[in-house]
Amino acid sequence: MTAKLTDVHSRRFKYRSALILLAAAILGSAVVPILGTSYHISLLFFLFISITLASTYDILAGFTGYLNLGHVVFFGIGAYVFGITMQAGGGTALALALPPLLTVLFSVAIAYPLFRLRGAYFAIATFGILKVMEVLASNLRDLTGGTTGLSIPPTSSTEITFYMAGGLCFAAIILNAWIAHSRLGLGLLATREDEEVAEGSGINTTRIKIYAMALSAILPSLAGATYMWQMTYIDPASAFGSDIAFVPVIMALLGGSGTILGPVIGAIFLTVVEEVLWSHVGYLQLTMYGIVLICVGIFMPGGLMRSSIFARLHARIGLPNHYGYQPYRLFRITRGDSNGRGDHQ
Amino acid sequence: MKNMTQKMLAAVLVSFGIAGVPARAQNVIKIGATAPITGALSSIYSIQGKLWDAWTQAQNEAGGIYVKSLNKKLPIKIIYYDDKSDPKVSVKFYERLISEDKVDFLMGPPGSPIAFAASTVAERYKFPMIHGAASDPQIYSRGFKYIQGVLGPATDWSHYFFEMLGKQGKVKTAALVVEDSLYSRGVAAGVRQLAKKAGIKIVVDQTIPADNQDFTAVTAQIKQANPDLVYVATFPPFYIRFAKQAAELGLKPKAMHCSTCSAVSVRNALGSEAEGITGEVFWVPGMKLGDYKMLERALTISGLDPVQWTFALISIPALEVIRAGIEKAGTLDRKAVYAAIQSNEIPTVMGTFKAVGKGVGTLNPLPMQVHDGKVGVIYPPAAKTADYIYPR
């Protein structure tokens with residue numbers, strides 16, 4: 001009884017710590033436009049977009065093990081829908097309302113055929129969807145501007161888009177945490193562990209996977225709209241290109257797929273490394289960037305969050321370890337699958 | 001009383017802070033830019049930074065740029081970052097150049113898609129940006145007030161080439177193959193008009209995706225039409241794929257033109273197949289326009305072969321325009337310098353620059369032909385370094 005009460009108190013304390021950390025991050029971000037320079041605003045804006053994409057990518061990949069390599073398709077659709085609506089004189093409110101609506105419909109429409117596939121086949125099919133969208137964006141010239149791209153008048157201030165991107169970023173983190181605590185999250189985890197057994201236990205796996213796909217589509221579409229609002233220009237390569245497609249995947253894997261803060265840490269880590277290399281190293285930045293990624297992959301195969309330092313922090317601030325991982329020592333190579341899951345004992 | 005003294009002291013300090021502290025004397029002119037040193041456009045711009053460093057050294061060896069209001073020459077410093085051929089990276093670094101590096105002037109990034117995005121930063125902060133290699137008409141059609149290109153619009157890219165063909169009157173028909181990209185479509189739009197003006201009929205006109213690998217169908221179509229000239233509006237990687245397949249399929253037109261084929265990658269990849277092809281170039285040794293000695297000195301310092309890196313050279317007139325703007329305005333005040341740039345004719349190593357409105361300049365690349373693996377300018381007579389050989 002006493003032990004149970006202690007657990008409850010301890011958990012409350014941990015959740016309070018997590019909330020304090022989140023509030024501090026939100027407050028810290030909120031003052032950047034006041035205290036920082038336009039460069040800081042720009043840097044954080046792109047970081048927020050990256051975190052949003054990486055965190056929402058991990059809703060499907062982290063909870064169900066389905067690798068959606070075409071996740072940025074939602075971002076691209078959001079950017080184009082925003083741009084087209086603005087060009088047509090629809091106004092900002094409509095241009096922001098349409099992307100999530102359309103991407104949810106789109107995600108549900110593609111989810112049915114896609115979820116008939118599993119493993120590598122699912123991953124390749126999602127990547128195929130992305131390429132189809134790139135071709136469509138290149139060829140529907142009257143609507144998208146084709147390869148020439150689509151542009152809208154520039155904004156006079158970057159603060160609105162900054163706060164929007166920040167809001168989306170924190171919403172993505174909270175959404176991940178909410179799923180981890182929800183029945184949906186439990187169902188998704190059961191699906192990941194053994195889909196047939198989950199079905200046998202009464203879980204409608206197809207339905208919850210579609211829910212997860214639809215949930216993972218909303219925030220990226222708004223991130224795309226915000227990106228378009230800030231950048232005022234989008235072309236097929238920036239929206240659906242292979243370069244951008246792998247960024248959220250790499251960030252999530254590097255940070256630790258299947259943990260709430262993993263994609264966040266991955267996005268911050270990659271942004272910082274890129275920023276340092278590109279700002280301060282004259283040559284061979286790409287080589288050094290590659291070496292950093294290889295080193296993290298070799299020495300921290302489950303991602304940064306599963307290194308002992310981050311795992312302790314994760315536990316300390318009360319965020320759930322929803323795969324039942326045992327944190328393992330830094331630099332210790334363990335057996336595991338492509339998501340870093342496996343025997344870490 | 002003590003409180004009163006404190007207030008007076010504070011007032012003195014504040015007033016001193018506002019008016020009394022002399023501004024820190026400026027001892028260097030900082031110019032900021034990004035360049036696609038890596039990424040998709042690196043095949044023609046990877047050495048851009050090296051060229052800028054060398055031109056800076058050459059300019060500073062000459063004492064720098066004279067600023068009349070300071071009555072002295074100031075050295076220059078070009079602060080640049082690799083934008084990875086990515087518009088969003090370029091935008092981020094231009095924000096940095098303005099707010100962190102506190103540059104005095106901005107030079108636009110090479111490459112139309114990157115310049116398109118980066119120019120929004122200039123407009124947002126009302127910070128003039130002088131563009132070198134960015135000629136797509138869309139960049140200048142948005143009504144932006146703080147961007148100025150040195151080039152004419154992409155539609156004028158082959159202006160001199162078609163003027164020459166029109167005068168010679170030998171070429172009667174042409175096939176137009178267009179890579180589906182911002183720059184190439186702009187060039188092709190101009191070619192259609194320029195060809196008509198020169199009395200040349202376009203018998204094949206195909207726009208093809210930039211990542212296309214199979215050119216069999218278009219090659220067969222061109223062979224059947226048998227035009228005198230095949231004009232390919234494209235960047236080098238696309239042209240190399242096209243030219244190799246066209247040669248294998250036996251397509252040998254009397255004239256083959258590629259808008260960016262002065263690039264070394266084309267000659268290296270195609271070898272003898274590149275012999276006799278024409279294209280556009282900005283500068284070759286032997287052209288004695290403007291302050292060409294400064295450019296020659298910069299090339300000596302860098303060790304770069306100008307014929308190897310023809311497109312990176314277009315940033316030099318952009319720098320010369322900024323330099324002339326400072327000298328003519330006699331101050332480092334951005335507004336005054338920008339006004340001087342827009343209201344004066346400025347000689348450059350590639351001809352005379354003049355702002356003709358809406359951010360468009362007057363410099364156009366010159367037609368060249370490959371002879372024995374070397375590039376020679378074939379027109380106009382004032383800049384000519386070699387004769388045009390037709391058929392090739």
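Reader: What conventions apply here?

Author: Residues are numbered from 1 along each chain as its sequence is written, while chains are lettered from A and ligands numbered from 1 in the order in which they are written. In this predicted model local features need pLDDT of at least 70 and side-chain atom pairs count only at pLDDT 80 or more, whereas totals for chains, interfaces and linings use all residues.

Reader: Which domains does the assignment give for chain B?

Author: Domain bounds come from an automatic or database domain assignment. For chain B these are domain 1 (29–153 + 285–365) and domain 2 (158–258). Their C-alpha centres lie 31 Å apart.

Reader: How many residues of domain 1 of chain B are in contact with domain 2 of chain B?

Author: Contact requires C-beta atoms, placed from the backbone, within 7 Å. By that rule 8 residues of domain 1 of chain B touch 7 residues of domain 2 of chain B. On the domain 1 side, α2 (42–45) and α5 (112–124) of chain B each give two or more residues; helices are DSSP runs of H or I with at least four residues, strands runs of E with at least two, numbered from the N terminus.

Reader: In what order do the strands of the open sheet in chain B run?

Author: Strands of a sheet pair through backbone hydrogen bonds, either parallel or antiparallel. Pairing here needs at least two DSSP bridges. The order in chain B is β4-β1-β5-β6-β7, with parallel pairing. The edges are β4 (76–82) and β7 (147–149) of chain B.

Reader: Which residue of β6(B) is the bridge partner of B:M107?

Author: B:I130 is that partner.

Technical notes: Contact = placed C-beta atoms within 7 Å.
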